[in-house]
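I opened my notebook to look around a protein chain. Here is what I looked up, entry by entry.

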Amino acid sequence: MKNKLICFALLFTFFGFGCKKDIAIDDVTSYNWVLKTQVVSPAITVNGKTSKNYLSLQNPEGCTKNFTYTFHETGLYTVSSNGALCDMFNNHDAQIWKLEGNQLILEHGNAVTYGSSIIQLSMNKNMLIHTSSLTSGGINHTITSTYIAQKK
């Protein structure tokens, strides 16, 4: 009996405390969401190098380095990065976010002043996932970008 209690205590400790807590969807404003991976399918060739790791094909000092979304309680969001030429990000008061189920909808701009675009990110625990596409050399590619939550 004593051995069973010890086993139960060890299992509880391992499973109860060993796992990361999932971030509740309501907590998006408590975190910065940093770009961690970009997977392209099928593989793409850039400057003679072919890979499915889209980030590895980009300039390591470019704007994707530490690209971050920050969501504010006011319903606005900002983007930032500390790579070269990243001063080209133009945050403004028309960057609005809203949550619909597990989808985070980002509206960038308004049709009159900035033009309008909408980005849709899926929430999955401590990740935001965005899927986009591009055409290179006549081939359509899908890029899956994953952003990881980091406490502010």
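**Entry 1: isoleucine 129**

I began with isoleucine 129 and listed its contacts, leaving aside neighbours within four places in sequence: Gln120, Leu121, Ser122, Asn124, Thr144, Ser145 and Thr146. Contact here means heavy atoms within 4.5 Å. I note that this is a predicted model, where local features need pLDDT of at least 70 and side-chain atom pairs count only at pLDDT 80 or more, while totals for chains, interfaces and linings use all residues. Residues are numbered from 1 along each chain as its sequence is written, and side-chain values use heavy atoms, with hydrogens and water left out.

I found isoleucine 129 in strand β8 (residues 127–136). Strands (E, at least two residues) and helices (H or I, at least four) are DSSP runs, numbered from the N terminus. The C-alpha atoms of isoleucine 129 and serine 145 are 5.7 Å apart, although 16 residues separate them along the chain.

Is isoleucine 129 buried, partly exposed or exposed? With a relative accessible area of 24%, isoleucine 129 is partly exposed. Buried means under 20%, exposed over 50%, and partly exposed in between, with a 1.4 Å probe and protein chains only.

**Entry 2: the whole chain**

I counted one helix and nine strands, and from the N terminus on they run α-β-β-β-β-β-β-β-β-β. Of the 152 residues, 29% are buried.

**Entry 3: aromatic rings**

How many aromatic pairs does the structure hold? I got eight. Rings of Phe, Tyr and Trp (its six-membered ring) pair if their centres lie within 6.5 Å; planes under 30 degrees apart count as stacked, over 60 as edge-to-face and the rest as tilted.

I looked up phenylalanine 67 and tyrosine 147: their ring centres are 6.2 Å apart and their planes at 55 degrees, so this pair is tilted. The pair links distant parts of the chain, 80 residues apart, with phenylalanine 67 in the loop between β2 (49–53) and β3 (68–71) and tyrosine 147 in strand β9 (residues 139–151). Both are buried: phenylalanine 67 has a relative accessible area of 13%, and tyrosine 147 has 5%. Ring pairs also link Phe67, Tyr69, Phe71, Tyr77, Trp97 and Tyr147 into a cluster.

**Entry 4: threonine 29**

I found threonine 29 in the loop between α1 (2–17) and β1 (31–46). Threonine 29 counts as buried, at 15% relative accessibility. Not counting residues up to four places away in sequence, threonine 29 touches Phe71, His72, Glu73, Trp97 and Lys152.
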